[in-house]
Amino acid sequence: MSLIPWRKRDAAGSIGGLQREMNRMFDDFFGRDFAVEPFGRGGEWVPALEVSESDNAVAVKAELPGMDPKDVEVTLANGVLTIKGEKKQESETKEKNFHLVERSYGSFQRSVRLPAAVKPDAVDAKFKNGVLTVELPKAEEARTKAVKINVE
Amino acid sequence: MTNERHMTRRKNAEPAREDGPFRTPAVDIRETPGELVLLADMPGVDDKGLQVSIEENTLTIVGNPVPTLPENARTLHAEIEPHAFRRAFTLSNDLQLDAVEGSIKHGLLTLTLPKARGAKVRRIPIKSE
């Protein structure tokens, strides 16, 4: 029997420390201004997102191919847009041999802290050809207005 | 103090050119006793943008996404490549290539490739000297 030095809070400390750091990263993440959650919260897969901004609106696009729009939920709270849902398997899996499985199934959730204040009542979400497009008109004070600066 | 933002203009995906670049769609292939079913994720593609062709034993699927973009938007975060989808597969000989059927809905392409009737396993006799 070999002697292993006993250290208080050793291995637990190092792994726990890593987890704490990851959690802190997530929290910092939502403390800043514009940010797209990199990993999603729990869930089995993460849809690809695209965020763009014009003078009057913010647009968030998510790729959700093969999904039924009624299985998608879009919510806005405190300047954070969250897209979540569940992609179901097309048919029962009976008597099937799977030669290739690359597509993602199951639940997903992903959030975006928006880059500007928006009008919650004017948000429009469309789902077409498996792409969800959420258009969020900016609140008055957030709209970019060109200001002419005189150069003397 | 703001984060650095990518001030690029988004572009709509350009129609597929022979030489690419392309996005590779995620595919599931399942086999039932009577057919092979191929499912391909091609978000943004409708039936007008879809091309499925079979030449000899090669099946090629191409999907051109419908442009969705509004004007004058600056991209802040892009995970979606603005390219058309393309993928090719080699098919086995025991499929009825002239009876392939397909449909696309919500950006998901479903192709059914029936197996040839009477496709049976041929036992090959081995002669020993």
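This is a predicted model: local features need pLDDT of at least 70, side-chain atom pairs count only at pLDDT 80 or more; totals for chains, interfaces and linings use all residues.
Chain B has 9 strands and 0 helices.

Of the 129 residues in chain B, 26% count as buried. Contacts in chain B between residues at least 6 apart in sequence were also sorted by separation: 62% of them join residues at least 24 apart.

## A sheet in chain A

Chain A contains an open sheet of 4 strands with antiparallel pairing, in the order 1-7-5-4. Strand 1 (35-36) and strand 4 (72-77) of chain A are at the edges; each has a single partner strand, so one side of each is left without a neighbour in the sheet.

Within chain A, strand 5 (residues 80-87) and strand 7 (residues 106-113) run antiparallel and are joined by 8 bridges. In this part of the structure, A:Gly85 stands opposite A:Phe108, a residue of strand 7 of chain A.

## Contact between chains A and B

Chain A puts 33 residues into the contact and chain B puts in 33 residues. On the side of chain A that touches chain B, at least two residues come from each of strand 2 (49-53), strand 3 (57-63), strand 6 (97-101) and strand 9 (131-137) of chain A. Sorted by class, this side of chain A has 14 nonpolar, 11 charged and 8 polar residues.

Strand pairing also crosses between the chains: strand 2 of chain A and strand 6 (residues 74-78) of chain B run antiparallel, with 4 bridges joining them. A:Val51 stands opposite B:His77, which lies in strand 6 of chain B.

In soluble globular proteins, nonpolar side chains tend to be buried together. The largest nonpolar core here has 19 residues, and A:Val58 and A:Val60 touch the most other members. Strand 2, strand 3, strand 5 and strand 9 of chain A each supply at least two residues of this core. The most comes from strand 3 of chain A, which gives 5 residues.

Which residues does A:Val58 touch, not counting residues up to four places away in sequence? The list for A:Val58 consists of A:Glu53, A:Leu114, A:Pro115, A:Ala116, A:Val118, A:Leu136 and A:Lys138.

Note on methods. Residues are numbered from 1 along each chain as its sequence is written. Chains are lettered from A and ligands numbered from 1 in the order in which they are written. Two strands pair if DSSP finds at least two bridges between them. Two residues are in contact if their C-beta atoms, placed from the backbone, lie within 7 Å. Ala, Val, Leu, Ile, Met, Phe, Trp, Tyr, Cys and Pro count as nonpolar, Asp, Glu, Lys and Arg as charged, and the others, Gly among them, as polar. A residue is buried if 20 or more other C-beta atoms lie within 10 Å of its own, exposed if 12 or fewer, and partly exposed in between; C-beta atoms are placed from the backbone. A nonpolar core is a set of buried Ala, Val, Leu, Ile, Met, Phe, Trp, Tyr and Cys residues joined through C-beta atoms within 7 Å.
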